[in-house]
Amino acid sequence: MLALSVESHRTGCAVVDVAGELDLTGARKVLEKLDRLIAEGRDRVVLDMSGVSFCGAQAMSLLVRTRARAQRAGGWLRLAAVPPHVRRVFVRTDLDRLFPHYPDVASAASGRPVSAPAPRVPEQKSGT
C-alpha cells in the first residue's frame, strides 16, 4: 500500500508526503499526483520520502521525468529525507547528481542540500 498526502509549505511549495513502496503501481500514483500539481501551477514540489520502504527502477525513471517537467514549467522537484537504503540506489545510479541530498523537508523547501564530502586527494610523497 502507498499513502500520499499534500500540504503547502510556508515557502509556498507543495510538500507531497509518501509512505510505502514505490513499485510500479505506487510510482504511477505519485506520478499522477505530481503531474496534477504541476498542471495546476504548483511547480515547486518537495517529495518527502521519509516513509518510503522501497523505490524501484520505474519509480526512479518517473521521478526523473517529473523533475524535467517541473523544470520546464519554471519550478523544481526536490526529494527530502530519502531513507539510506533508497539513497544508496540513487548514488549508485548517479541520480544523486539530479537529486541532491536534502535531510528534511525544510532544507529541501529552502534549497539547502547537505554538501557531499570533498573527494580525498592522495598525499604526495616527498622525494627524499
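The largest cavity has a volume of about 50 Å³. This is a predicted model, and a count of cavities of 30 Å³ or more comes to one. Here is a friendly walk through the cavity and the strands.

**The cavity lining**

- Ten names make up the picture here: Leu22, Ala27, Val30, Leu31, Leu34, Leu47, Ala59, Leu62, Leu63 and Thr66 line the largest cavity.
- Sorted by class, nine of the lining residues are nonpolar and one is polar, while none is charged.
- Which helices each supply at least two residues of the lining? They are helix H1 (24–39) and helix H2 (57–72).

**The antiparallel pair and its hairpin**

- Strand S1 (residues 2–8) pairs with strand S2 (residues 14–22) in the antiparallel sense, and seven bridges join the two.
- One of the contacts in this part of the fold links Leu2 to Gly20, its bridge partner in S2.
- Five residues lie between the strands in the hairpin of S1 and S2, and Gly12 has a positive phi near 100° there.

**The parallel pair and the crossover**

- S2 also pairs with strand S3 (residues 44–55), in the parallel sense and over eight bridges.
- For Ala14, the bridge partner in S3 is Val45.
- How does the chain get from S2 to S3, and what is the hand of the crossover? The chain passes through H1 on the way, making a β-α-β crossover that is right-handed.

Conventions. Residues numbered from 1 in each chain as written. Predicted model: local features only at pLDDT ≥ 70, side-chain atom pairs only at ≥ 80, totals over all residues. Heavy atoms only, no water. 1 Å grid on protein atoms, 1.4 Å probe; cavity = no way out; pocket = protein on both sides within 12 Å on 5 of 7 lines; lining within 4 Å. Points joined across faces, edges and corners; volume = space filled by probe spheres on them. Helix = DSSP H or I, 4+ residues; strand = E, 2+ residues; numbered from the N terminus. Nonpolar A, V, L, I, M, F, W, Y, C, P; charged D, E, K, R; others polar. Pairing = 2+ DSSP bridges. Right-handed = clockwise from strand over helix to strand, strands pointing away.
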